[in-house]
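Visitor: Hi, could you walk me through this one? I'd like to start with how the strands go together.

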Amino acid sequence: MAAEPDINQTESASTGFNRRKFLIGGGALGGLVVAWALWPRTYAPNVAATENEQIFGAYLKISEDGQVTVVVPQSEMGQGVYTVLPQILADELGADWRTVAVEPAPINPLYSNRVLAEQWADLLMPAGIEKLTENAAVRWVAQHVEGRDKFQLTADSTSIPAFAESFREAGAAARVLLTKAAAARWDIAWETCTVDNGVISNGDKKLRFGELVRDAVDETLPDPVPLRPAGAGNLIGQDVARLDLPSKLDGSANFAGDIRLPDMVYAAIRQGPIGDTSLKSFNRAGASKITGFIDVVQHDKWIAAVATNWWAANRALDKMSPVFETRGYLADSEKIDTALRKALDEGPGTRFLTRGDTKAAFGNDGDFQARYHADAALHAPIETRTATAEYKDGGLELWMATQAPAAAVEAAARMLNIAQDRVTLYPMLSGGSFDRNLDNEIAGQVALMAKEMGRPVQLVWSRAEELMHDHYRAPSQARLDAAMAKAGRVTALQIKIAAPPSAREQLKRLFDGMDNVTAMRSTMGEADIKAIAGLEVPYDIPNLTVDHHPAFVDVPTGNWRSNAHSSNVFFLESFIDELAAKAAIEPLSFRMQMMNNQPRLARCLTGVAAMAGWDGGLEQSGQGIACHSMRGGHIAVIASASRGGSGLEVRRISATVDIGRIIHPDIARQQIEGGIVFGLAMALGSTTRFEKGLPTAKRLRDLSLPRLAEIPPIQIEFIRSEEEPVGYEELGVPAVAPAVANALFSATGVRLRQLPLFGEVS
């Protein structure tokens, strides 16, 4: 059903889209249109269908018994994408939600995340690419990504922005085809028919979807295909039943660790310290004493024990006492802190944001400076790295959760030196991720084990292994300088961030297949625009600069829930509170006087103040406020906190949120609540220091995560809006830690400038 699109074709009006766009799987976005044009464009849907099913484009198939199956190209990690995207399609289709099912999409360039591609475009080019012409830069992207299937990615809260339009269009196209098939039987104009709850009607005449599917696929689409008026469906804005929830509740949902294959064995793995590490020796004889032990699989970088059960495999590794050798630098937090401080004070910086002239504003009595620090943070999902593989007849079958399916296939194929089309990936549900599943090293590991063993292998990383070999949220330091007028108005703000080029490093692993050491060293000294994410300062400050000072920390870093927003917003919103205190203005009023061009964020601030009973953050009140705008969403948070017997007691967290038109209110609330809890965990812990090449956190108990009894009541209020829906999965995280820190300052007069709040910095 694929067709070669005309990239010069004019887009249809907002009430419809053209037939050609439907056939290639969705509408095009701007920005990278030239880069997109350089890739091959003839892609056919490769969705699998039974004899009783008919395929309607890349996102939908309908069976003769009326089941509507929506194909979702994003990883379900608990964020509800297996419900929200089908809800958009089913609403436009006019389906009965009780008949809707979901399945993961196969690997296909049709499912490229174009919004993410546009956001990451700068990172895919080497430093200094801005010196090239636009066409040369675009061609560089095309040559080095090599295929749009690599952009079949789940990241940066882009599922709704990237796919909502395409899913709506797919539903509209299928609705028209089904309606035309019904109208043909009744010999009437198709425009006179109505569609509701899976039934096509015209007066007393009614036909269900399943009765029409064979005829419908032979119908032709008008150009443009009409979309329903907003609100015409009965699903958008409703708390429809989550499609992934029933199987999770009854235990029938399959995660990678639930796969059971005939003759399958289980593997555990050990890897050495962070850095240029290789396996030197091990005691195989010790493992032979463990009941159930079968064999050893070794690699230059790691060793695995294989047994009849995972516990035996892990015990066998203990008995083998593997010895590793690390050449060069061993990760150490004192050295990391020094490297960050040196980069901030002495290293070159790249200016990514500027307005006005900051130099002229400084040099008077109103100058104020503060420094902040954030430690490396861990993902720590409930499900550790897990994958199952079977190698036979020169091909590999692979079961794992991944946010980057093409990269997972590539990693497995590269390890076995086979063609990528010889690897079949079965995307699994993820037991949490927080972007951990963007990394696919385990795919190569389990592939080699399956080949060496000649039977299916299930590999599960231990919790210690998961924490010791994470790709951490980058540690960072910040220096913020403000110039203030006598009335307390901020006239200039300079922000400098020292951090490794984490996003560039992540993409080196993801797109170029580099290992940790190569990725870190290949990006050494490069500027990274993502390092200053969250510092698009919303306040009306006339003179502003934001710089990134790259630092080499020799610790692998990568995406983490809300990325650099998590630490940078802590720096900024804590500093704004410090300026309010210096100006002797209560924190809400101080912010509001600088909100001239941010009406949606300002409304969040006033809304949360009313909801939480804001008392002005007076001395010893224990209330703190913070706000943030992120990827089109807006949030303001008030925390009530004080020092308690255990160090910190957070009594309540309130938030007002604006995320545009809400598709599924309960899922939106779940994600904001989850983000707030995640942000609280970040304020208290979630981080690690490093000694002798290893993180000091090796168990969940080492992370100082809040227990259930320590989670305070959380109030959330959504602002009604008809703005376009935005991604909100990470929005709840960044503003919590500064709100808590500001509350503690109000309660105690002590200003905490590090994450975690009670951490230590050398």
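Guide: Happy to. One term to begin with: two strands pair if DSSP finds at least two bridges between them. Also, keep in mind that this is a predicted model.

Visitor: Good. How many bridges join strand β23 to strand β24?

Guide: Eight bridges join them, and the two strands run parallel. β23 covers residues 490-499, and β24 covers residues 543-550.

Visitor: Which residue stands opposite Asp547 in β24?

Guide: That is Lys496.

Visitor: And what sheet do β23 and β24 sit in?

Guide: They belong to an open sheet of six strands, ordered β15-β24-β23-β22-β16-β32, with mixed pairing. At the edges are β15 (350-355) and β32 (754-755), each of which pairs on one side only.

Visitor: Remind me, what do strands of a sheet pair through?

Guide: Through backbone hydrogen bonds, in either a parallel or an antiparallel sense.

Visitor: In what sense do β4 and β5 pair?

Guide: Strand β4, residues 68-72, pairs with β5 in the parallel sense over five bridges. Within that pair, Val71 stands opposite Glu103 in β5.

Visitor: How do α7 and α6 cross?

Guide: Helix α6 (residues 159-186) and helix α7 (residues 209-216) cross at roughly 90°, and their axes come within 8 Å. That makes α6 roughly perpendicular to α7.

Visitor: Which residues of α6 and α7 meet?

Guide: From α6 there are Leu177, Leu178, Ala181, Ala182 and Arg185; from α7 there are Phe209, Glu211, Leu212, Val213, Asp215 and Ala216. By class, the contact of α6 with α7 has eight nonpolar, no polar and three charged residues.

Visitor: Now α17 and α21. At what angle do they pack?

Guide: Helix α17 (residues 565-583) and helix α21 (residues 736-748) pack at about 30°, with their axes 8 Å apart.

Visitor: Why are α17 and α21 described as roughly parallel?

Guide: Because their angle is about 30°, and angles under 35 degrees count as roughly parallel, α17 and α21 get that description. Their crossing is right-handed.

Visitor: What meets what between α17 and α21?

Guide: On the α17 side, Val569, Phe570, Glu573, Ser574, Asp577 and Ala581 take part, and they meet Ala737, Pro738, Ala741, Asn742 and Phe745 in α21. The residues of this contact divide into seven nonpolar, two polar and two charged.

Visitor: One more helix pair: how far apart are the axes of α4 and α15?

Guide: They are 10 Å apart, with helix α4 (residues 114-124) and helix α15 (residues 502-512) packing at an angle of about 95°. That makes α4 roughly perpendicular to α15. Trp120, Asp122, Leu123 and Leu124 in α4 meet Ala503, Arg504, Leu507, Leu510 and Phe511 in α15.

Key. Residues are numbered from 1 along each chain as its sequence is written. This is a predicted model: local features need pLDDT of at least 70, side-chain atom pairs count only at pLDDT 80 or more; totals for chains, interfaces and linings use all residues. Side-chain values use heavy atoms; hydrogens and water are left out. Axes are lines fitted to C-alpha atoms, for helices over the stretch in contact, and angles run from 0 to 180 degrees between N-to-C directions. Helices (H or I, at least four residues) and strands (E, at least two) are DSSP runs, numbered from the N terminus. Angles under 35 degrees count as roughly parallel, over 145 as roughly antiparallel, 65 to 115 as roughly perpendicular and the rest as oblique. A crossing is left-handed if the near helix is turned anticlockwise from the far one by less than a right angle, and right-handed if clockwise. Contact means heavy atoms within 4.5 Å. Ala, Val, Leu, Ile, Met, Phe, Trp, Tyr, Cys and Pro count as nonpolar, Asp, Glu, Lys and Arg as charged, and the others, Gly among them, as polar.
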